[in-house]
Amino acid sequence: MLTKMTHISINVLDQDSAFDFYTNKLGFKVVVDVPMGADGRWLTVSPPDQPGFEIILTPVIRSMYSKETSETLRELIVKGSFGVGIFTCKDIFATYEELKAKGVEFTKPPTKEFYGTEAIFKDDSGNWFSLAQLT
Amino acid sequence: MLGSEIPVFMTNRNTITEQYPKIYLYRRIVQAKLFIDANYADNIDLDNISDEAYFSKFHFIRLFKNIYGKTPHQYLIAVRIDRAMQLLKSDKPVSDTCYAVGFESLSSFSGLFKRIVGITPSIYLMQQQKIKAQIKSSPLTFVPGCFAEKNGWLKNRNFRETKS
């Protein structure tokens, strides 16, 4: 029987830039950061209140991807094809103002929905996420 | 009536960016938080922050705590300890770390660090050094096997050593 999700991989265009975005802008904590030679780093981060859930920041150029796959992935990410997930926060207006002040790009400002208030932002690669304050 | 058949959540679907309640209050509190994030290492006078935010000190502390769950002072301490953990991870000695994040006394730094992190800064530093040594000697112990295999890293377990 499955129980929990512990890791998820997000493809990013540039690992160093993603590192800066997820730690300095979103405030995530680095869990593992191990150099992997030509493959960059094995780099995982966690949302501040969820240390058991690791997001693997996977560069699109990596041994497990063919050149063609890397290029296709890059194109799709830049186009904004991937909605990766939903993050929740305690106060969406404060979080929205803070992230905007840090230069995070929002494609939807806080908007009332039937389940709470939601905004949409993009990471530095182009992956998009929902930011929600659930009521 | 057709209108009455539209679910409430659809009729209420209003964008509220500029109209949300007390946006100016949010902006001032967020600015104060960002000020602490940027200046934690200095001798920040929290009274000045509430002055700059145009609030009475009491009102400011209450609003800040509502949003961030901590008073500005508690938040400042949390930022300093968090930054201290990063510096210790990068192998900075405990006393250098203490002063670099804005504490003036080593004993109060160690006490607060232990209260928040659960271990003293010296023990934390030693733990991080051990982890670093392990990363260097056997990096793949930090990577789930499935990903290591997919990337072909298992065939080349010693690539770290050969690289450096």
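In this predicted model, strand E5 and strand E8 (residues 128–134) of chain A pair in the parallel sense over five bridges. They belong to an open sheet of four strands, in the order E5-E8-E7-E6 of chain A, whose pairing is mixed. A further open sheet of chain A, also of four strands, has the order E1-E4-E3-E2 and likewise mixed pairing. Chain A also meets chain B, with 34 residues of chain A in contact with 37 residues of chain B.

- E7(A) and E8(A) form a hairpin with five residues between them, and A:Gly126, which lies in the turn, has a positive phi of about 130 degrees.
- Helix H3 of chain A lies across E6, strand E7 (116–122) and E8 of chain A, and runs at about 170 degrees to E6(A).

- E3(A) and strand E4 (residues 54–59) of chain A run antiparallel and are joined by two bridges, with A:Val45 standing opposite A:Ile55 in E4(A).
- Helix H1 of chain A packs on this sheet, where H1(A) touches E1, E2, E3 and E4 of chain A, and the direction of H1(A) makes about 15 degrees with that of E3(A).

**Salt bridges**

- Over all chains the structure holds 11 salt bridges, and one of them joins A:Arg41 to A:Asp16, with the closest N and O atoms 2.7 Å apart.
- This pair links distant parts of the chain, since A:Arg41 is in strand E3 (residues 41–46) and A:Asp16 is in helix H1 (residues 15–25) of chain A, 25 residues apart.
- Three salt bridges are found across the interface of chain A and chain B; A:Lys29 forms a salt bridge with B:Asp82, with the closest N and O atoms 2.8 Å apart.

**The interface of chain A and chain B**

- The two chains bury about 2800 Å² between them, 65% of it on carbon and sulfur atoms, and A:Met36, A:Trp42 and A:Phe93 supply 20% of the area that chain A buries against chain B, more than any other three residues.
- Nine residue pairs are in polar contact between chain A and chain B, counting pairs with both residues at pLDDT 80 or more.
- Strand E1 (7–12), strand E2 (29–35), helix H3 (92–101) and strand E6 (106–113) of chain A each supply at least two residues of the side of chain A that touches chain B, and H3(A) gives the most, with seven residues.
- By class, the side of chain A that touches chain B has 15 nonpolar, six polar and 13 charged residues.

Methods. Residues numbered from 1 in each chain as written. Chains lettered and ligands numbered in written order. Predicted model: local features only at pLDDT ≥ 70, side-chain atom pairs only at ≥ 80, totals over all residues. Heavy atoms only, no water. Contact = heavy atoms within 4.5 Å. Buried area = accessible area lost by both parts, 1.4 Å probe. Salt bridge = Lys/Arg side-chain N within 4 Å of Asp/Glu carboxyl O. Polar contact = N/O pair within 3.5 Å; in protein donor to acceptor, adjacent residues only side chain to side chain. Nonpolar A, V, L, I, M, F, W, Y, C, P; charged D, E, K, R; others polar. Pairing = 2+ DSSP bridges. Axes fitted to C-alpha atoms, helices over the stretch in contact; angles between N-to-C directions.
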